[in-house]
Amino acid sequence: MTPFAYIVSLPVRAYRLVFSPWIGFNCRYQPTCSAYAMEALEKHGAFKGSYLAARRIGRCHPFGGTGYDPVPDRVPDHTKRR
């Protein structure tokens, strides 16, 4: 994890430590939104990881989906279109 991604992950870590035990397991997706955010930040860095986490949290509502929703894999640089 890059240093900037680590700094961005601090609020997620604080949420998991302080609020998550009080709220309980109510997530509609697997992995939970906080676990998804941490994995997205680790895999994709601060900017894209934050975007993916925000997009996931935006889908987590009563009319949204449910089930297994993994973090997408990184696309290797040599396969990106130029």
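Me: How many salt bridges does the structure hold?
Reply: Four, in this predicted model.

Me: Let's start with Lys-43. Which residue does Lys-43 form a salt bridge with?
Reply: Asp-73, with the closest N and O atoms 3.1 Å apart. The two come from distant parts of the chain, 30 residues apart: Lys-43 sits in helix H2 (residues 33–59) and Asp-73 in the segment after strand E2 (67–68).

Me: Is Asp-73 buried or exposed?
Reply: Exposed, at 60% relative accessibility. Lys-43 counts as partly exposed, at 26%.

Me: Which residues are linked in a network with that pair?
Reply: Glu-39 joins in; Glu-39, Lys-43 and Asp-73 are linked in a network of salt bridges.

Me: OK, Arg-56 next. What does Arg-56 pair with?
Reply: Asp-69, in a salt bridge whose closest N and O atoms are 3.6 Å apart.

Me: What about Arg-59, which side chain does it meet?
Reply: That of Asp-69, in a salt bridge of 2.4 Å, N to O. Arg-59 lies in helix H2 and Asp-69 in the segment after E2, so the pair ties together parts ten residues apart in sequence. Arg-59 is partly exposed, with a relative accessible area of 25%.

Me: Why do such side chains pair at all?
Reply: Opposite charges can pair when the charged atoms come close.

Me: Switching topic. How much space lies in the largest pocket?
Reply: About 250 Å³.

Me: Which residues line the largest pocket?
Reply: The lining is made up of Tyr-15, Ser-20, Ile-23, Gly-24, Phe-25, Asn-26, Cys-27, Thr-32, Cys-33, Ser-34, Ile-57 and Cys-60.

Me: Which helices supply at least two residues of that lining?
Reply: Helix H1 (3–23) and H2 each do.

Me: And by class, what does the lining have?
Reply: Seven nonpolar residues, five polar and no charged ones.

Note on methods: Residues numbered from 1 in each chain as written. Predicted model: local features only at pLDDT ≥ 70, side-chain atom pairs only at ≥ 80, totals over all residues. Heavy atoms only, no water. Helix = DSSP H or I, 4+ residues; strand = E, 2+ residues; numbered from the N terminus. Buried < 20%, exposed > 50% of the residue type's maximum accessible area, 1.4 Å probe, protein only. 1 Å grid on protein atoms, 1.4 Å probe; cavity = no way out; pocket = protein on both sides within 12 Å on 5 of 7 lines; lining within 4 Å. Points joined across faces, edges and corners; volume = space filled by probe spheres on them. Nonpolar A, V, L, I, M, F, W, Y, C, P; charged D, E, K, R; others polar.
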